[in-house]
Structures are given as C-alpha cells and as structure tokens.
Amino acid sequence: MPALTEPKLIAGNANLTLAKAIARRMAVHRGMAVSLVDARVERFNDQEIFVEVYENVRGEDMFVIQPTSNPANDNLMELLIITDALRRSSADRITAVIPYFGYARQDRRAKARTPISAKLVANLLVEAGVDRILTLDLHAAQIQGFFDIPVDNLYSAPIFALDIEHHFRNQMQDVMIISPDVGGVARAREIAKRINAPLAIVDKRREKAGEIAEMTVIGDVRGKTCIIVDDICDTAGTLCKAAEVLVENGATEVHSYITHGVLSGPAVERVSRSVMKSLVITDSIEPTEAVRNCENIRIVPTAPMFAQAILNTWNGTSVSSLFETDTLVPIYEGLYTR
C-alpha cells in the first residue's frame, strides 16, 4: 500500500546533474513538482564536511542520491553524513541511491593481509542509518550479501539492449557481443540473449598485476560488428587492447558499452586514439569535461530508470519489473525506436 508521505530526494555533490534529472523525471511520472530537498553540503577550510537540511523531513521517506565515485572517500563521507543528518531529523526511512558503488572491486581477499573494503563500506552505511540500498550494476553480485538490509541492484543490460537495437538496427545480423574477460561472460550473455546475438570472449592472461601478457579471442569475429560489454572502465588500457585484438582477428568494427565510466588517468586519450568506433557509458558517474568533449564517447541516461525505481520503492511495487524490456520501453519513450 502506498505510503502517506511523498518521496523526497536529497543529493550530495557527487553527481548533482543526475540527481536533478531524476527529480525532473519523477515530476513527469507524478504529474506534480518534484525537486531536491533544500540543503547545503559544504566543507570547512580543513575539508571537514558539513551538512544542513533546511526543510522538515520528520516522518518522510528520504532518498539520498550519491554515487561514491572519484573522489571516493569524500563522496562516501558526504553520503554517511547526510544520512546521519536525516536520521537525527527523524526521517522515517532512508534509502541510499548509489548509482556507482565505490570500493566494489574490493569484494574479497585476493591475497593474504588485504581488506574486504566493500564489506566495510556496507557496515558503515548500515551503521549510519541507511534502511535500503538502490544501486546499478554492482561489480560483484555477492556484495548484496554484505548487507543485512534490502539491496536493489538495477541492471544496465535492458537499457543497453534498447540502445543497441536503435543504433545498430540496420546491421543487427552482423552484431556480436564480446565479453572482455571470462568473469564478465554472464553480463555479456544477458545482453546477447536480449538482442538475439552471438557471443565471443576475449581471454586475457597476466604475467603480473596490471600487465597483460596475452589476449586470445574465443569465437569467430570475422566480418562482425563487435560490441564489448563490461561494468567498469577505469584506465581503458584493457578495453582498447581488446578492441585491437578483435580487429586483428577480422572484426569489421568495434564498439563498447560500459556501465560505469570511471575513465581515470589517460583513459579518455586512449579511447579517442583507439580503434573503437564508440564507447557508450551511463551517467552513473558525473562525466568530466574531457569525457563530454570526446567525440567517440556517448552517454546514455539512467535517470528514467532510477526515477521509476524510486517511485516503485516508495509505493511498494516491484523494482525487478524494470529488468523487463516491456516495462522499460515506455519509460524510455522518445529516446529509442525499435
């Protein structure tokens, strides 16, 4: 049964553009004005974070929109402090909307005497007073088990499938989905099934961390329009190398669809000089000026999906329904034609 209160949005500084876009989309869905709660999130001279909420939030259903992207520690602390401010202001329920969940790559002990930082972050969020998590494409699905509160993990695969069918509609018979490593096969297979395309794998072997010794293509990519699918692109070194290997093995052209465009260091320059025709990312992380100006990087909006997920969470209806193409098509109406 729907709550008596209206859902209220508040945002940190990590991705205000996305937060405002979500509010606009919710206004469209609700047929009434939706805006971010008036608050200030700022820093003292010693970089301590201070939060003040100017509106009454007592008994409200609050949604805090804050990816924990670069600078990860600052953005995480903003999220924790905003949550604490809301909890102490008697908010009824606090949902952390984390489009990009930082520290997700540290989900296990790969070697001795190392932390499981994703679990630590989960503990911090729960201890701060978060009642529910809403996120997108967790790097490791098992992170959901680090929480003793509900976690809704949305997927970019349905959006990417719509985008691929729209932009490659005249060459779908030649499209092949590529997993850039063995660990990402399940993610790539999901999109391949949605668009009824074949699947291939780029298997990489490392001599030591950060250095790729060899890449092998498993599957016949000759004459294919290859689309690499992954969840995170950081420095883009592996991605650009995989594109080169695919072209060397006979691919006609290579494109990439990556959920979270971290794109640190030399990433943008590498992508711009790569054999890749395009790199498609979501807006889960606020794009830098360099990313926005790069001709072969395109950004797909997630605000329509997040807005609907927030409304479904608020009124107690299914969030997993957003995994279905038939549900997503009307939400993205006007952006894609199939």
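Let me begin with E42 and R40, whose side chains meet in a salt bridge at 2.6 Å, N to O; a salt bridge here is a side-chain nitrogen of Lys or Arg within 4 Å of a carboxyl oxygen of Asp or Glu. The model is a predicted one, in which local features need pLDDT of at least 70 and side-chain atom pairs count only at pLDDT 80 or more, whereas totals for chains, interfaces and linings use all residues. Residues are numbered from 1 along each chain as its sequence is written, and side-chain values use heavy atoms, with hydrogens and water left out.

How exposed are the two partners? E42 has a relative accessible area of 33% and is partly exposed, and R40, at 27%, is partly exposed as well. For these classes, buried means under 20% relative accessible area, exposed over 50%, and partly exposed in between, with a 1.4 Å probe and protein chains only.

R40 also forms a salt bridge with E52, with the closest N and O atoms 2.9 Å apart. Because E52 lies in strand 3 (residues 49-53) and R40 in strand 2 (residues 39-43), this pair ties together parts that are 12 residues apart in sequence. Helices (H or I, at least four residues) and strands (E, at least two) are DSSP runs, numbered from the N terminus. E52 is partly exposed, at 30%.

A further pair sits in helix 2 (residues 72-88), where D84 and R87 are 3 residues apart, about one helical turn. Their closest N and O atoms are 2.9 Å apart, in a salt bridge. D84 is partly exposed at 25%, and R87 is partly exposed at 38%. The structure holds 19 salt bridges.

I turn to the cysteines. How many disulfides does the structure hold? The number is 0, a disulfide being a pair of cysteine sulfur atoms within 2.5 Å. For C233, the nearest cysteine sulfur is that of C240, 7.0 Å away; C233 is buried, at 3% relative accessibility. The sulfur of C294 is 9.9 Å from the closest cysteine sulfur, in C240, and therefore too far for a bond. C294 is buried too, with a relative accessible area of 8%.

C240 brings us to helix 6, in which L239, C240, A242, A243, V245 and L246 are buried. Helix 6 (residues 237-248) has 12 residues, which should span 16 Å at 1.5 Å a residue, and its end C-alpha atoms are 17 Å apart, which agrees. The expected span is 1.5 Å times one less than the number of residues. Just after helix 6, G250 takes a positive phi of about 105 degrees.

Finally, helix packing. The axes of helix 1 (residues 16-30) and helix 9 (residues 303-315) come within 8 Å and cross at roughly 60 degrees. That makes helix 1 oblique to helix 9. Axes are lines fitted to C-alpha atoms, for helices over the stretch in contact, and angles run from 0 to 180 degrees between N-to-C directions. Angles under 35 degrees count as roughly parallel, over 145 as roughly antiparallel, 65 to 115 as roughly perpendicular and the rest as oblique.

Thank you for your attention.
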